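Dear colleague,

Please find the structure for your review below. My notes on what was found in it follow directly after.

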Amino acid sequence: MTDRSGHGRLRQWVRRSMSDLRRSVPYLVRGAVTSFGSLIILIGLVVVAALLLVGVGWLLLPPATRLLRWWTGTERRRVEAFTGASVPEAYPPLAGSLSHQIRTVVLDRTTRRDTAWLTVHGLTGHVMGVLAVGLPLGAVNAALVPAYWWILPEHSPVNAPHAVTSWADTLPTPLVAAVYALLALALVPRFASWQTRCARTLLAPPRETRLRERVTELTASRAAALEAHGSELRRIERDLHDGAQNRLVEVVMQLGIAERAWQREPASALPLILRAQDAAGSALGELRDVVRSIYPPILTERGLDGALAALAARCPIPCTLRMDGLRRVPAAVESAAYFVVAEALTNVAKHSGAEHAEVRVTVRRRPEPEEDVLVVRVTDDGRGGATERAGTGLAGIRRRVAAFDGRTELSSPDGGPTQLEAELPCGS
Amino acid sequence: MRVVIAEDDVLLREGLVLLLNNEGIEVVAASDNADDFLAAVEELRPDAAVVDVRLPPSFSDEGLRAAVTARRRLPGMPVLVLSAYVEDSYAAELLADGAGGVGYLLKERVGKVAKFLDALHRVADGGTVMDPEVISQLMVRRRADDPMRTLTPREREVLELMAEGHGNRSIAELLVVSETAVSKHIRNIFVKLGLPPTDNGHRRVLAVLAHLRS
């Protein structure tokens, strides 16, 4: 039993390593090419550094840094293409007077980190690229040597890696092939991940910078949250004051008028009482609207999916609703998502002239900062050209989403289609 | 009596016009904003004005400011201010000019028509009417060494009614006591609070309110 499962594990390892190897080889070959590029740029930088002593180098510093930034940018994209996860880039802008630019270059840590990466990659990238190609080829060659060694002339025999000049010499070649193959399977994927890690470590902004940016973002989103909260409170106060409160005053007033009418002539009081009843009814209606605007009761009763289904059904334009992997998210996020969809569909119905709308809601994991986000996407096939002018509701959506540290993206070229996407972090 | 009213909610405005007309009070102008209200007051010189605190365009305290402006342009112009909630500092602004003829009531007081009409008449006659809510706001904020603490419960009742703008007779009726008893209570209150004795009118209310606000 143990033997067979051990066997299975080995097979599994070989299969996994084979697929890693197939992915890694082209990556490392490209890495070898960029490694030579890096060496050339490194030499250029050394020259610039030498010229600093005679002064001209200072003039060359900003353009050299721009070149370095561009080059590391291509490397970031190579790593991103390989791993599927982006390598964030954050540079202080190179602008202003020459002395200011020089100061930025000299003082900023990213310059040093980029140069460090350039050196490491320039010195190791080509070695790894050569091994990535050489080890598998060596294995194949050693395996094939028994088939062709005799074709070659005696004075220039095949090396596998020992010179093979007789059938006896071919005896160890299967073993040699196996060693090459094992080395390739074990090392090449490691090279790829090592090269990736190295780029990620040195080319991503230092932790400190990332944290500082994050603090700035969070400060802004907290301010937006406070602002959104404040304007919500004002809106609710206004709605209550102008709506329900006034209607109840009207009830009291109509009843007062009715009371006086009843004292004079009882029959004349009835229509006034009925008016008071109507006013009480509209007070209830206003209260219902305010309650709905604070937290739609349907969210409590049916959850987000049920609430969105109701919205889609109520939309005057045919609307399809797709929801994938939806789970319960915090109430505030659900309510924001509900309002985004409600507002977006209102816009679609009012302005787009669309024949069809689609609402798509999914939960996905975002990498930076790592957490689940609820993604709400509303698309329509209307005439496009939507903007965030005040009063279109789009500005309101953006504010509401920003309050959650979320992102809103609107794409609406003239002629359509229009797509609104909002990302709402779920806080976990 | 001729009145001008300002109320932005159309149903409330119509209701108020109906209520006043039914009671034989002529509404000579009913506007939904402060500017029209001020123009009407200046042009028509009504016996009293009834105005909502919150009016367009900004829906903050335009109505209150319009009332103050109207009284600056026409000193002593009786104004009854209505509001969905009361704030004692607003009352102070209305009373600041020291002239009588000021009222400040919660909107829902119009439902008790007889009392509301009584208040409107008192304001039109130069009296002062404060909502009981304003007085209770003033009464709760008392310091520990306050002479108010030496008042008997009955004296406190009399003080509250006095602050709301009621005269001796009205207080006597509301508390079901004799007018002489009310006068005695009032004398005691003034002595205990260290206020100079004043006549029955608006100045007495002002003195009491000033003491409560101090």
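**Helix packing in chain B**

The axes of helix α7 (residues 153–164) of chain B and helix α9 (residues 179–193) of chain B come within 10 Å and cross at roughly 90°. Here helices are DSSP runs of H or I with at least four residues, strands are DSSP runs of E with at least two, and both are numbered from the N terminus. Axes are lines fitted to C-alpha atoms, for helices over the stretch in contact, with angles from 0 to 180 degrees between N-to-C directions. The helices α7(B) and α9(B) are therefore roughly perpendicular to each other, a label given to angles of 65 to 115 degrees, whereas under 35 counts as roughly parallel, over 145 as roughly antiparallel and the rest as oblique. On the α7(B) side, B:R154, B:E155, B:V158, B:L159 and B:M162 meet B:V182, B:H185, B:I186, B:N188 and B:I189 of α9(B); contact requires C-beta atoms, placed from the backbone, within 7 Å.

**Basis of the model**

This is a predicted model, in which local features need pLDDT of at least 70 and side-chain atom pairs count only at pLDDT 80 or more, while totals for chains, interfaces and linings use all residues. Residues are numbered from 1 along each chain as its sequence is written, and chains are lettered from A and ligands numbered from 1 in the order in which they are written.

**Chain A**

Chain A contains eleven helices and seven strands. Strand β4 (residues 357–366) of chain A pairs with strand β5 (residues 371–380) of chain A in the antiparallel sense over ten bridges, where pairing requires at least two DSSP bridges. In this pair, A:V361 stands opposite A:V376. β5(A) also pairs in the antiparallel sense with strand β7 (residues 418–425) of chain A, over eight bridges, and A:V373 has A:P425 in β7(A) as its bridge partner.

An unreviewed UniProt entry lists residues 36–61, 127–151 and 171–192 of chain A as "transmembrane region"; its positions are given in the numbering used here, feature names are shortened, and annotations may be inferred rather than shown by experiment. Residues 36–61 of chain A are 88% helix and 0% strand, with end C-alpha atoms 22 Å apart. For residues 171–192 of chain A, the corresponding values are 91% helix, 0% strand and 33 Å.

**Contacts of B:L80**

Leaving aside residues up to four places away in sequence, B:L80 touches B:A48, B:V50, B:G103, B:L105, B:A119, B:L120 and B:V123.

Yours sincerely

Definitions and conventions. Two residues are in contact if their C-beta atoms, placed from the backbone, lie within 7 Å.
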